[in-house]
Amino acid sequence: MKRFVLLSLFLIGCLCMNGFILPPAESTLPDAPAVSAPADAQKVAEAKILNLLNLNNVYGEDFTNNEALVNAAAINLRSYASEQGFIENDIVTAYIKDIYDIDIEINETINVNMPKKQGYVYLIPRGYTAYTHEIMSVTDNGDFLTVVSLVSVDAHDSHSVIGTATTKLAKNDSASFGYNIISSDIDYNAVSFAA
């Protein structure tokens, strides 16, 4: 009997405590702040596009040149290089596929006169040019986007210049940035020396 009374008191206590820990009624909860989904989605898309543009160092005819694509990718992947300067082929080809949606085979025709190692690309020791974009406009053309950007071109061995880049992007949900670069050209007639 004593156990029954103790158990009853314990259950009554639990029921009383339950009233104190229940959440307030829905009507007393504050409203969630309104979120502008389309505006936020546009900002996210523009941030992804800007990051993609700033990673790009392939312009003009280099899109059709496997060696230029591989060497441009190797510059951005230099942190993956061994002490001897080699980067795994799989890392380079995956990068090119992700950024440009181009399937490439790395073979002996790439960097013919450079050191070789089976399954690896040699990172040619050299200075490189950095491109920094500021988006001016994005036009949706249905199958692709056209992005016009102000680009600062900072070569390792010359003055910085400013130009206008026109880049075409294809939507690709499986790409890291949601887009692939189809082409990109810099209008060097509009380039002026940066102050």
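Predicted model: local features only at pLDDT ≥ 70, side-chain atom pairs only at ≥ 80, totals over all residues.
Trainee: Which strand gives the largest share of the lining of the largest pocket?

Mentor: The largest pocket holds about 210 Å³ of space. Its lining has 15 residues, and those closest to the centre are Asn107, Glu108, Lys116, Lys117 and Tyr120. The largest share of this lining, three residues (within 120-122), comes from strand β2.

Trainee: How many residues of the lining of the largest pocket are charged?

Mentor: By class, the lining of the largest pocket includes seven nonpolar residues and five polar ones. The remaining class, charged, counts three.

Trainee: Which helix gives the most to the lining of the second largest pocket?

Mentor: The second largest pocket has a volume of about 160 Å³. Among the residues that line this pocket are Ala68, Asn71, Ala72 and Ile75, together with others such as Asn57, Arg126 and Tyr131. The helix that gives the most, with four residues, spans residues 66-76 and is α3.

Trainee: How many nonpolar residues does the lining of the second largest pocket have?

Mentor: Charged residues number two in this lining, and polar residues number three. The nonpolar class of the second largest pocket's lining counts seven.

Trainee: Are α3 and α4 roughly parallel or roughly perpendicular to each other?

Mentor: Two packed helices are described by the angle between their axes and the distance between the axes. For α3 and helix α4 (residues 89-100), the axes come within 10 Å and cross at roughly 100°. Angles of 65 to 115 degrees count as roughly perpendicular. The two helices, α3 and α4, are therefore roughly perpendicular.

Trainee: Which residues in α4 meet α3?

Mentor: From α3, the contact draws on Leu69, Val70, Ala73 and Asn76. The contact of α3 with α4 comprises seven nonpolar residues, one polar and no charged. On the α4 side, the residues are Val92, Tyr95, Ile96 and Tyr100.

Trainee: What is the bridge partner of threonine 146 in β5?

Mentor: Strands β4 (residues 144-154) and β5 (residues 161-171) run antiparallel and are joined by ten bridges, with a hairpin of six residues linking β4 to β5. Within this pairing, phenylalanine 144 has alanine 170 as its bridge partner. For threonine 146, the partner in β5 is lysine 168.

Trainee: Which residue takes a positive phi in the hairpin of β3 and β4?

Mentor: Strand β3 (residues 130-140) is also joined to β4 by ten bridges, and these strands run antiparallel. Their hairpin has three residues between the strands. The residue there with a positive phi, near 90°, is glycine 142.

Trainee: Which residue in β4 stands opposite glutamate 134?

Mentor: The pairing of β3 with β4 is antiparallel. One of its bridges has valine 138 partnered with valine 147 in β4. Opposite glutamate 134, the residue in β4 is leucine 150.

Definitions and conventions:
Residues numbered from 1 in each chain as written. Heavy atoms only, no water. 1 Å grid on protein atoms, 1.4 Å probe; cavity = no way out; pocket = protein on both sides within 12 Å on 5 of 7 lines; lining within 4 Å. Points joined across faces, edges and corners; volume = space filled by probe spheres on them. Nonpolar A, V, L, I, M, F, W, Y, C, P; charged D, E, K, R; others polar. Axes fitted to C-alpha atoms, helices over the stretch in contact; angles between N-to-C directions. Parallel < 35°, antiparallel > 145°, perpendicular 65-115°, else oblique. Contact = heavy atoms within 4.5 Å. Pairing = 2+ DSSP bridges.
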